[in-house]
Amino acid sequence: GRAFDEAPDAAKAVETAEQSLFATLAEVEPRVATALEVEDFSGAMTAMAALRGPVDAFFDDVTVNADDAALRENRLRLLNALRGLMRRVAVWEAIQD
């Protein structure tokens, strides 16, 4: 498969939920980085909690696998950026039920 590691482009977001996720991610990323610099993992998780609503809305309202290849690729890049932020805080795959 493909990694979609390139930065997503907020200017290419067309759906309201997609734009909201871009905006919230841009707001949350520096807060998480600041918290991690001082090993405030609780603060990093608290900052990331702001993503819950926009992520839910994104998956409710946006078709990631859009017919338009450029739109689809940008959305996959956005999700990869979100995953990258989350992995900075925790290795989610290691969490057991």
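Does N80 count as buried, partly exposed or exposed, and at what relative accessibility? N80 counts as buried because its relative accessibility is 14%, where buried means under 20% relative accessible area, exposed means over 50%, and partly exposed lies in between (1.4 Å probe, protein chains only).

The structure is a predicted model, in which local features need pLDDT of at least 70 and side-chain atom pairs count only at pLDDT 80 or more, while totals for chains, interfaces and linings use all residues. Residues are numbered from 1 along each chain as its sequence is written, and side-chain values use heavy atoms, with hydrogens and water left out.

N80 sits in helix α4; helices (H or I, at least four residues) and strands (E, at least two) are DSSP runs, numbered from the N terminus. Setting aside residues up to four places away in sequence, N80 touches A3, F4 and D5, contact being heavy atoms within 4.5 Å.

A nonpolar core is a set of buried Ala, Val, Leu, Ile, Met, Phe, Trp, Tyr and Cys residues joined through side-chain atoms within 4.5 Å. The largest one here has 22 residues, of which V28, V32, L51 and F58 touch the most other members. Two or more residues each come from α1 (16–37), α2 (41–48), α3 (52–61) and α4 (69–89), and α1 gives the largest share, eight residues. Beyond its neighbours within four places in sequence, L51 is in contact with L21, T24, L25, V28, L82 and L85.

Helix α1 is also the place of E29. With 33% relative accessibility, E29 counts as partly exposed. Between E29 and E39, ten residues apart in sequence, the C-alpha to C-alpha distance is 15 Å.
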